[in-house]
There are 2 protein chains.
Amino acid sequence: MYLNYYSSEEWNELLRFSETQETPFLVLFKDKVRQKFAAFRAGFPHARIYYAVKANPGTPLLALLRDFGSCFDIASIHELDQVLALGVSPDRVSFGNTIKKARHVREAYEKGVRLFTTDSEADVRQLAEAAPGSRVFFRLLMDAVTSDSDWPLSKKFGCQPRMLTDLVALAAELDLEPYGISFHVGSQQREIQAWDAALAQVRGLFELLANAGLPLQAINMGGGFPADYLVKSNPLSVYAEEINRYLTAHFGEAIPEIYLEPGRGLVGEAGVLISEVILIARKSKTDLKRWVYTDAGVFCGLMETLGESIKYPIHTHREGETGMVILAGPTCDSIDIMYEEYAYQLPLSLAIGDRLYWLSTGAYTASYSAVEFNGFPPLKTYYL
Amino acid sequence: MYLNYYSSEEWNELLRFSETQETPFLVLFKDKVRQKFAAFRAGFPHARIYYAVKANPGTPLLALLRDFGSCFDIASIHELDQVLALGVSPDRVSFGNTIKKARHVREAYEKGVRLFTTDSEADVRQLAEAAPGSRVFFRLLMDAVTSDSDWPLSKKFGCQPRMLTDLVALAAELDLEPYGISFHVGSQQREIQAWDAALAQVRGLFELLANAGLPLQAINMGGGFPADYLVKSNPLSVYAEEINRYLTAHFGEAIPEIYLEPGRGLVGEAGVLISEVILIARKSKTDLKRWVYTDAGVFCGLMETLGESIKYPIHTHREGETGMVILAGPTCDSIDIMYEEYAYQLPLSLAIGDRLYWLSTGAYTASYSAVEFNGFPPLKTYYL
């Protein structure tokens with residue numbers, strides 16, 4: 001099932017490599033990342049691409065993206081240090097997390113970072129103090145739009161339009177450089193028109209601010225580009241075409257600079273998580289569902305199955321008739337169940353010791369692993 | 001607020017010690033663990049106590065419990081190795097996870113473990129093969145009962161009564177030693193009568209099995225004993241008194257051996273997680289709630305706030321009028337919000353840089369930490 005995700009060469013290489021490795025682990029195809037990066041470049045030829053490090057902070061992956069010429073969106077001072085250690089120049093880094101300690105802002109500034117995102121008065125004031133003169137993006141609250149995405153962003157990030165314009169004025173007054181508006185339509189956003197709604201708001205704010213003598217130059221459209229899971233999305237080329245159309249519709253010839261922060265959309269499909277079936281059980285003789293327990297679980301790579309939000313395609317080498325299963329992880333914790341409501345179908349011939357191949361698991365898997373929950377070690381990653 | 005949890009000597013010692021430490025971190029009071037262990041001993045004088053290592057696998061904590069004479073309930077081969085490395089004899093260890101690989105069963109057996117818990121035919125067969133002659137507990141499914149608990153266990157563990165009796169017969173046939181029935185009423189179970197309902201079932205199964213020539217000797221009542229959070233529970237002495245009354249009511253003079261597996265109930269109240277307020281923001285000028293962002297979050301110790309299940313008491317040194325807050329962690333992830341629906345009240349004078357003291361955080365915090373989500377390191381633990 002689902003093997004059209006990978007060429008037969010890729011799949012054979014994966015099998016050959018993974019055979020001798022102890023499960024669970026993640027394999028990342030470097031070439032898939034290269035292809036996807038090229039697709040982003042082709043789809044958005046004028047955009048600057050800032051890879052969202054949080055999606056997968058594996059050092060070999062970051063080095064690869066550095067070599068492709070990617071910039072980096074960091075969520076913490078720790079991610080900054082990791083990126084700088086790879087020889088990335090700080091002018092290729094954006095500190096995109098709106099929640100940051102004053103001392104981390106200062107440290108980032110001292111290390112050369114001059115691009116920050118904000119959404120609150122307190123943060124604007126600490127930026128002015130600790131990172132004087134820096135370029136600042138102002139993040140717009142998108143709660144109405146993100147609720148359609150598979151992993152919505154609620155109201156945690158961004159502020160309302162009226163507060164945003166106040167913050168731009170405050171930043172200018174404090175000698176920061178108000179540079180643009182950022183928004184995020186929600187992670188794994190399958191409704192492309194979400195970008196249209198966001199850009200319409202941004203357009204209005206640009207005009208309003210320009211009229212107030214506070215012109216902005218750039219739009220940071222964040223991430224939200226989807227990876228293919230069980231529920232299909234449009235291909236990236238369709239996203240690019242539509243979003244470029246929206247940009248032209250709203251801004252005509254005067255399209256601002258465009259920043260993108262893909263994470264999942266760039267590395268999600270490049271990963272395959274491999275686990276082993278530990279146990280298959282029914283709770284009574286007449287139980288209609290089999291419980292399939294596997295050595296990867298919610299706390300070892302599959303955190304985004306919480307609430308059954310992300311539904312990964314699962315491949316097994318078994319064929320033939322399928323039946324309903326509940327898929328659960330190895331820990332003594334009841335929330336360590338990946339799929340219960342969604343009646344996943346797996347072959348009836350599935351046996352203890354079989355391997356499960358969780359496709360499209362390159363993003364938001366390894367870094368979410370618990371440090372030692374129930375004693376199990378974090379997920380390993382290998383690169384092909 | 002809430003400082004009646006700790007004596008003023010304990011609190012002052014905590015402040016003195018923690019002042020110079022960088023947040024976030026967990027402090028564990030050893031003496032509180034000692035008191036709680038003594039309370040379990042006093043309440044259940046005839047029971048064998050197996051500390052559920054998964055609740056908090058900190059090595060100094062395990063060493064302390066070893067010295068108190070505790071036995072250990074392990075969830076994985078990794079936890080076994082940790083406990084054995086402390087010089088604990090394998091006859092003080094129970095492999096309580098019903099989900100285990102055959103090779104881990106064999107390894108545990110080779111290292112001396114002779115006590116296992118099971119709930120499926122496949123596992124009984126692999127126990128017979130890889131751990132011949134071992135004592136076995138059979139876990140009864142408790143879904144009707146656990147749904148009242150704050151952290152229920154669903155159907156992931158245990159099997160229905162009819163399957164349980166079949167498994168006992170199979171185990172006897174395969175020369176294992178059927179030893180007892182185990183159940184778990186759900187973690188943080190505040191309704192003591194849940195044990196009554198469970199024991200009534202166990203009583204019936206004991207009789208039925210004895211009549212079939214398969215007498216059992218022990219009941220493993222698992223954990224479920226609560227820690228004090230915002231929602232209060234009865235004290236442990238009341239739990240002990242009631243549960244002992246149920247045992248006498250159901251078994252009269254012939255009470256089986258009793259095994260307990262406290263985790264949260266033993267170490268929960270011994271911990272204080274200390275975080276720093278990074279940012280306080282409103283999303284618009286008229287926003288009724290303040291967003292309080294702190295450097296500990298769902299992925300750094302506060303995993304059990306998922307679904308707002310566990311509500312920790314939070315102390316700050318601020319006093320005076322309070323107002324509603326939404327409490328969120330430092331990562332760029334929308335599920336990293338601890339309390340949003342439950343309108344937590346914190347002082348209006350709360351300021352950026354203030355410390356928050358999350359009380360009763362000794363269990364299911366540090367070990368749940370993500371290995372590096374958004375670059376943030378796992379939660380540190382210190383012992384007082």
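This is a predicted model: local features need pLDDT of at least 70, side-chain atom pairs count only at pLDDT 80 or more; totals for chains, interfaces and linings use all residues.
# Questions and Answers on the Model

Reader: Is the peptide bond from B:Thr23 to B:Pro24 cis or trans?

Author: Most peptide bonds are trans. From B:Thr23 to B:Pro24, omega is near -5°, and the bond is cis.

Reader: What is omega for the bond that joins A:Thr23 and A:Pro24?

Author: A:Pro24 lies in the loop between α1 (8-18) and β1 (25-28) of chain A. Its bond to A:Thr23 is a cis peptide bond, with omega of about -5°.

Reader: Is A:Ser360 buried or exposed?

Author: A:Ser360 is not a glycine, yet it has a positive phi of about 60°; it lies in the loop between β15 (355-359) and β16 (380-383) of chain A. A residue is buried if 20 or more other C-beta atoms, placed from the backbone, lie within 10 Å of its own, exposed if 12 or fewer do, and partly exposed in between. Because A:Ser360 has 25 other C-beta atoms within 10 Å, it is buried.

Reader: How many C-beta neighbours does B:Asn374 have inside 10 Å?

Author: B:Asn374 is in the loop between β15 (355-359) and β16 (380-383) of chain B, and its phi is positive, near 60°, although it is a residue other than glycine. B:Asn374 counts as buried because the number of its C-beta neighbours inside 10 Å is 27.

Reader: Around what arc do the buried residues of α5(B) lie?

Author: Helix α5 (residues 102-110) of chain B has B:His104, B:Val105 and B:Ala108 as its buried residues. They are on the same side of α5(B) because they cover an arc (that of the directions from the helix axis to the C-beta atoms) of only 105°.

Reader: Which residues are exposed on the other side of α5(B)?

Author: What covers the buried residues of α5(B) includes α4 (77-85), β4 (93-95) and α6 of chain B. Just after the helix, B:Gly112 takes a positive phi of about 110°. Exposed on the other side of α5(B) are B:Arg103 and B:Glu110.

Reader: What is the hand of the β-α-β unit of β5(B), α6 and β6(B)?

Author: A crossover is right-handed if, with the strands pointing away from the viewer, the path from the first strand over the helix to the second runs clockwise. The unit of β5(B), helix α6 (residues 121-130) of chain B and β6(B) is right-handed.

Reader: Which element gives the largest share of the side of domain 1 of chain A that touches domain 2 of chain A?

Author: Chain A is divided into domain 1 (30-267) and domain 2 (269-383), with bounds from an automatic or database domain assignment. In contact (C-beta atoms, placed from the backbone, within 7 Å) are 21 residues of domain 1 and 17 residues of domain 2 of chain A. The elements that give two or more residues to the domain 1 side are α2 (30-43) and α11 (264-267) of chain A. The largest share, four residues, comes from α2(A).

Reader: How many charged residues has the side of chain A that touches chain B?

Author: In all, 53 residues of chain A are in contact with 53 residues of chain B, and the largest share of the chain A side, four residues, comes from β10(A). Ala, Val, Leu, Ile, Met, Phe, Trp, Tyr, Cys and Pro count as nonpolar, Asp, Glu, Lys and Arg as charged, and the others, Gly among them, as polar. By class, the chain A side has 28 nonpolar and 14 polar residues, and its charged residues number 11.

Technical notes
Residues are numbered from 1 along each chain as its sequence is written. Chains are lettered from A and ligands numbered from 1 in the order in which they are written. Two residues are in contact if their C-beta atoms, placed from the backbone, lie within 7 Å.
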